[in-house]
Amino acid sequence: MFQANIVEGLIFTLAAALTIASAALVVSAKSLVYSAFFLALVGAGNAVFMAMLGFPVISLFQLSVYVGAAVTFILFSITMFRKPVRIEPTAGILALDAAVLATAGLLYAFQSVTGTPVSVGFKEISSLLIGKYRFALIIASLALVTTLIEAITLAMRGEMK
Amino acid sequence: MTVLPYLAVSACLFGIGLYGLLSSRNFIKMLLSAEVIFNGGLLALLSLAAASGAPPTGGTIAILAIAIAAAEVGVAVSIAILMFMLKGDVDVYKLEKFKG
């Protein structure tokens, strides 16, 4: 029991360090390719947290759909720009103030939350998806199909030019 | 372990993403920062769902949110590519000239 807690704490610490460092590098990297790569690491770190919180199904979904599709899509799209994209100098101090204030506010709001991670299986989530949330599922599917049509239209427009 | 450390990480992700969003003028960089904020929000949603009485509901909403986020990334990147094809730049300060 004690050893399991130590292992859990160690995994959490490593995942937290990886995720926060990667998030900082997404924002600070000079190259968009590196930024997209570090975003994939943020997604992967988040997937570890999801599994530790008791949502292994969502963790796999995050890895396959978010990291595997969305971030890879960004990464490949960046390579479509024919010349390197300029990154302007940042507008630093006000943005930093706002970010620190928002983080402190969230930490203050979250400090009263109690509870421990639970285990949620595939069966409960899928029954909710095809039951109570079926309209939301249809809308999400339509949104994905619309994106596909939009991407094809834009690609054809570029080809015609 | 309670869910409090997870919420602390989500708050940090939100803050880092917000800094990136506010301090950048590059459309793609802003999108990547918004995605960091999304990851923070998703982690907070699942942490609060785990601490609440109905974790499967939070999990279902998270799955829908990830699917919608993937669609949103597709739309935003397509706009960026179109903007780059027409203007040769992805500076959001030049978006006001992005008409027709």
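The text below covers aromatic contacts and one surface patch in a predicted model. Local features need pLDDT of at least 70 and side-chain atom pairs count only at pLDDT 80 or more, while totals for chains, interfaces and linings use all residues. Residues are numbered from 1 along each chain as its sequence is written, chains are lettered from A in the order in which they are written, and side-chain values use heavy atoms, without hydrogens and water.

Over all chains, the whole structure holds 5 aromatic pairs (Phe, Tyr or six-membered Trp rings with centres within 6.5 Å; planes under 30 degrees apart are stacked, over 60 edge-to-face, the rest tilted). F49(A) and Y6(B) form an edge-to-face pair, at 5.9 Å centre to centre and 90° between the planes. This pair joins two chains, because F49(A) lies in helix α2 (residues 32-53) of chain A and Y6(B) in helix α1 (residues 4-23) of chain B. Helices here are DSSP runs (H or I, at least four residues), numbered from the N terminus. F49(A) is buried at 0% relative accessibility, and Y6(B) is buried at 0%; buried means under 20% relative accessible area, exposed over 50%, partly exposed in between (1.4 Å probe, protein chains only). Ring pairs also bring in F12(A), giving a cluster of F12(A), F49(A) and Y6(B).

On the surface, I93(A), L94(A), L96(A) and V100(A) form a nonpolar patch with about 430 Å² of accessible area together. Areas come from the Shrake-Rupley method with a 1.4 Å probe. L96(A) lies in helix α4 (residues 92-110) of chain A and is partly exposed, at 40% relative accessible area.

Terms used
Patches are made of residues with over 30% relative accessible area and no salt bridge: like charges are joined within 9 Å, nonpolar side chains (Val, Leu, Ile, Met, Phe, Trp, Tyr) within 5 Å. A salt bridge is a side-chain nitrogen of Lys or Arg within 4 Å of a carboxyl oxygen of Asp or Glu.
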